[in-house]
Amino acid sequence: MTDTARTARAGVPERPTLDGLEETWARRWQEEGTYAFDRSKATVPVPDAPSRNGRRADVFSIDTPPPTVSGELHMGHVFSYTHTDTVARFQRMRGRTVFYPMGWDDNGLPTERRVQNVYGVRCDPTLPYDPDWQPPAAPVDDAARKDPTPISRRNFVELCGVLTAADEQVFEALWRRLGLSVDWSLTYTTIGRVARATSQRAFLRNLARGEAYQAEAPTLWDVGFATAVAQAELEDRERPGAYHRLRFAGPGGREVLIDTTRPELLPACVALVCHPDDERYADLVGSSVRTPVFGVEVPVRAHPLADPAKGTGAAMVCTFGDLADVTWWRDLDLDTRVVIGRDGRLLPEPPAGVPAEPYAALAGQTVNGARRTLVGLLADAGDLVGEPRPITHPVKFYERGDRPLEIVSTRQWYLRNGGRDTGLRAELLARGGELRWVPEHMKHRYDHWVGGLTGDWLVSRQRFFGVPVPVWYRLDDTGEPDLSHPLTPNESALPVDPSSEPPPGYDESRRGLPGGFVGDPDVLDTWATSSLTPQIVGGWETDPELFRQVFPMDLRPQGQEIIRTWLFSTIVRAHLEHGVLPWRDTVLSGWILDPDRKKMSKSKGNVTTPMALLEQYGSDAVRYWAASGRPGMDLAFDPAQIKVGRRLATKLLNASRFALGLGAADALRAPYDNSSSARLTPRRDLELSATEPLDTAMLAELSGVVAAATAAFDGYDHTAALQAAEGFFWRFCDDYIELVKERAYGTGPGADSARAALATALSVQLRLFAPVLPFATEEVWSWWRYGSVHRATWPTTHEVGRAIQGDGDPELLRLAGDALSQVRRAKSERKLSMRAEVPLAEALGPAALLDRLTLIADDLRAAGRIDRLDLLPDRAPELVVACAF
């Protein structure tokens with residue numbers, strides 16, 4: 001808090017408005033460092049200090065999800081990031097030193113695809129760097145996209161950096177407009193120098209401990225992106241296909257029928273497989289059959305994963321058609337006959353043992369073309385039984401790709417994640433049990449994923465705009481690389497790019513020459529960097545004091561769909577490197593649904609972008625809509641709910657102006673001690689107290705609201721906190737202010753009591769609403785208080801209780817409101833103005849209830865403009881107010 005934040009109050013405007021508040025307050029917050037992380041208050045733990053996870057309990061650190069900047073922010077982002085921001089604001093007002101960074105996830109395949117489409121270029125690593133190359137004006141036309149200009153890897157990476165920097169500015173402007181209380185000095189990018197060094201350091205340590213390793217193995221491969229894909233990045237999509245029944249030649253002329261959706265893989269067939277208990281094929285197990293068209297002899301083997309009820313019960317094992325093929329190939333130690341290359345076409349030469357003549361018709365064809373050709377060959381040979389039978393079946397895709405995945409044999413880098421190590425798997429499952437899940441049922445997704453892993457984490461990618469794998473390889477006298485003994489840099493040299501820098505002990509002139517070296521051409525999976533966000537932003541190994549202050553972190557907010565990727569991978573990295581969880585709590589977001597209750601997604605074309613809504617309704621209104629959805633619960637996008645939020649924010653301005661006009665500001669003439677302390681402290685000696693029954697009743701109910709809202713925020717239930725505050729606010733406006741305003745206009749103890757109650761209630765409610773409606777609350781706060789409402793202390797029941805002289809009956813306000821609403825209804829039914837006089841009103845009800853009504857009778861008469869109020873006990877079972885006109 002700077003001195004400028006304690007300057008003179010702004011005063012109450014004649015006509016308050018929400019318009020323009022975002023620009024005004026976003027600028028002020030930035031200028032005054034309202035949300036800056038104060039390291040001086042986040043002291044390093046000492047033995048007798050209260051701590052959590054080994055560090056000070058007065059620090060609250062958030063591992064903010066870095067949004068991908070290769071597209072547009074949408075309402076789903078607004079939804080989840082608003083939830084996190086309410087937590088940050090609440091914790092800051094509770095006196096915690098909040099560490100709230102923002103990051104941009106800017107490397108990886110989505111960014112490359114966007115650069116290719118915007119500029120009409122493609123990366124060709126064989127080309128030399130051209131320092132004078134200039135990109136074409138963007139965006140380019142379709143012709144340029146179909147015939148992209150090849151550029152060097154370095155030129156391509158630089159172009160990716162230019163585009164992401166521009167995208168990040170747009171994203172930051174939207175986040176500031178939304179009012180995220182981020183410390184923008186802590187902003188990081190996943191392709192920045194710090195992130196690259198952190199990611200490479202972690203990889204090198206994984207390598208040194210044996211947790212990172214290379215292997216030649218069947219690899220899920222995206223033909224469009226030309227890169228390997230990890231298990232966590234898969235998704236099934238329903239696609240049309242067809243079953244083809246093929247005739248294999250068995251012993252003694254026996255025919256063996258096989259159903260397959262991929263007849264083009266027939267030259268890659270290495271076995272037939274059946275279930276061990278399938279009697280139809282029991283006599284064939286251990287023998288061999290010959291493939292149609294090619295006449296290759298393949299064994300018949302038994303395996304429990306073969307499904308007797310699927311097709312003919314026997315399956316063709318090819319290397320490789322799907323993940324089942326990989327399992328059978330590995331478990332049964334079968335031969336390898338690869339026919340599909342990295343470009344998605346059949347290889348020019350047949351695999352060993354496959355005759356060249358029939359294969360020649362398939363060589364170089366696409367998968368679909370080869371399928372048509374082979375089906376024709378099968379039909380000509382009489383080995384296609386019947387017509388293909390159309391089906392719809394799930395096909396595996398890379399989650400960002402548009403072509404079905406293939407499985408090719410490649411050499412890749414892997415990181416151990418428990419997929420092949422039962423001990424590590426058990427440790428990672430135990431970590432999931434230590435984590436606090438909000439909502440709790442989301443934990444089963446983590447357990448299901450970890451328990452179902454079938455392999456280690458494939459972390460290398462054959463792309464360009466990413467963190468380079470930080471190793472080189474010696475070349476022997478024939479120019480072949482020694483892959484078993486990679487050369488590694490010193491950590492002090494990180495980050496490095498092996499494609500443009502030599503390894504220690506070599507100079508660039510020896511690159512690619514026998515006896516020299518070659519750099520690893522791959523980059524790390526984007527999740528291999530994003531999984532280190534706590535370490536990247538926390539200063540791991542670069543700022544040890546900061547790292548001790550903020551790590552392990554308190555909160556990881558994120559989407560439920562990336563539990564298997566971002567959440568799990570972050571736990572893996574922290575467990576392997578630090579032996580702890582990376583955070584204490586995780587809060588998972590639900591989905592945003594369109595008006596038809598369908599999940600919003602770019603692929604469905606039903607995504608709504610937020611900027612127009614923020615400009616039309618105001619940020620507080622949009623935040624109100626977002627806060628209406630609880631963690632883990634889906635929320636429909638509803639402009640009507642946004643309008644409700646704008647109405648609430650507008651009412652907050654107008655009701656506050658009215659309350660201050662009644663003298664509420666004068667009840668706390670000098671509420672804060674303007675010392676040099678950054679956190680302003682209340683001066684209780686100058687406060688007035690509420691003494692009248694209606695005033696103490698209102699504050700007693702407000703005390704309960706404070707307790708409920710505080711408990712809700714502590715449980716990450718921002719929706720319940722908002723509902724508690726909003727429900728009370730409307731009673732406060734519609735009932736209490738109307739009941740008390742005549743008395744507040746007067747003088748004497750009754751007026752002092754009213755103004756004290758109004759001042760306390762307004763101050764408390766502004767702070768209750770501040771996490772959700774930051775702009776309106778800050779605006780009102782500036783009219784009559786010093787500093788920022790977002791640096792004020794969170795209200796407590798003790799604070800409210802100290803404003804009450806004696807005891808308060810919270811039900812008394814509800815009773816008064818009920819009586820006043822009956823008077824209003826009587827006037828409305830007679831089409832009279834609410835200012836119309838009521839000559840006589842009779843209150844009927846139980847005697848005890850009317851005795852309580854007596855306590856607030858004067859306020860009721862003033863608010864209802866009642867000349868005479870008669871109380872008639874025991875004439876009705878509940879309160880009835882009858883008016884005579």
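1. Burial. In this predicted model, buried residues account for 54% of the 885 residues in the protein chain. The accessible surface amounts to about 36,400 Å², and carbon and sulfur atoms hold 50% of that area.

2. Overall form. The C-alpha trace of the protein chain spans about 110 × 65 × 55 Å along its principal axes. The chain contains 27 helices and 33 strands. Counting contacts between residues at least 6 apart in sequence, 77% join residues at least 24 apart.

3. Charge. The side chains of the protein chain include 102 positive and 120 negative ones. The centres of these two sets are 3 Å apart.

4. The largest nonpolar core. This core has 91 residues, and the members that touch the most others are Leu699 and Leu758. Helix 21 (residues 718-744) supplies the largest share of the core, with 13 residues. In soluble globular proteins, nonpolar side chains tend to be buried together. Leaving aside residues up to four places away in sequence, Leu699 touches Ala690, Ala757, Thr760, Ala761, Val800, Ala803 and Ile804.

5. Helix 27. Which residues of helix 27 (residues 857-864) are buried? They are Ala857, Asp859, Leu860, Ala863 and Gly864. These residues lie on the same side of helix 27, because the arc they cover around the axis is only 160 degrees. Their cover includes helix 20 (693-714), helix 21, helix 25 (810-829) and helix 26 (847-854). Strand 31 (838-845) and strand 32 (866-873) are also among the covering elements. Just after helix 27 comes Arg865, with a positive phi of about 50 degrees.

6. Helix 3. The buried residues of helix 3 (residues 109-119) are Leu109, Pro110, Thr111, Glu112, Val115, Val118 and Tyr119. The list therefore holds Glu112, which is under 20% relative accessible area by the cut-off for buried residues. Among the elements covering the buried residues of helix 3 are strand 6 and helix 5 (153-178). Strand 10 (227-228) and strand 17 (389-398) are included in that cover as well. Gly120 follows helix 3 and has a positive phi, near 65 degrees.

7. Cis peptide bonds. Thr319 and Phe320 are joined by a cis peptide bond, with omega about 0 degrees. Phe320 belongs to the loop between strand 16 (315-318) and helix 7 (323-332). A cis bond also runs from Val438 to Pro439, where omega is near -5 degrees. Pro439 sits in the loop between strand 19 (436-438) and helix 11 (443-451).

8. Lys831 is not a glycine, yet its phi is positive, about 55 degrees. The residue is placed in the loop between helix 25 and strand 31. Is Lys831 buried or exposed? Lys831 is exposed, and its relative accessible area is 78%. Asp874 is likewise not a glycine and has a positive phi of about 60 degrees. The loop that holds Asp874 runs between strand 32 and strand 33 (880-884). With a relative accessible area of 58%, Asp874 is exposed.

9. Ser530. This residue is part of helix 12 (residues 526-530). Ser530 has a relative accessible area of 2%, so it counts as buried. What does Ser530 touch, not counting residues up to four places away in sequence? Its contacts are Asp105, Thr190, Trp566 and Thr570. Ser530 and Leu567 are 37 residues apart along the chain, and 9.8 Å separates their C-alpha atoms.

10. Pro131. The loop between strand 6 (121-123) and helix 4 (142-146) contains Pro131. Pro131 has a relative accessible area of 55%, which means that it is exposed, the cut-off being over 50%. Its C-alpha atom is separated by 9.3 Å from that of Arg154, a residue 23 residues apart from Pro131 along the chain.

Note on methods: Residues numbered from 1 in each chain as written. Predicted model: local features only at pLDDT ≥ 70, side-chain atom pairs only at ≥ 80, totals over all residues. Heavy atoms only, no water. Core = buried A, V, L, I, M, F, W, Y, C linked by side-chain atoms within 4.5 Å. Buried < 20%, exposed > 50% of the residue type's maximum accessible area, 1.4 Å probe, protein only. Helix = DSSP H or I, 4+ residues; strand = E, 2+ residues; numbered from the N terminus. Contact = heavy atoms within 4.5 Å. Arc of directions from axis to C-beta. Areas by Shrake-Rupley, 256 points an atom, 1.4 Å probe, with all protein chains shown as cover. Lys, Arg positive; Asp, Glu negative; His and termini not counted. Charge placed at Lys NZ, Arg CZ, Asp CG, Glu CD.
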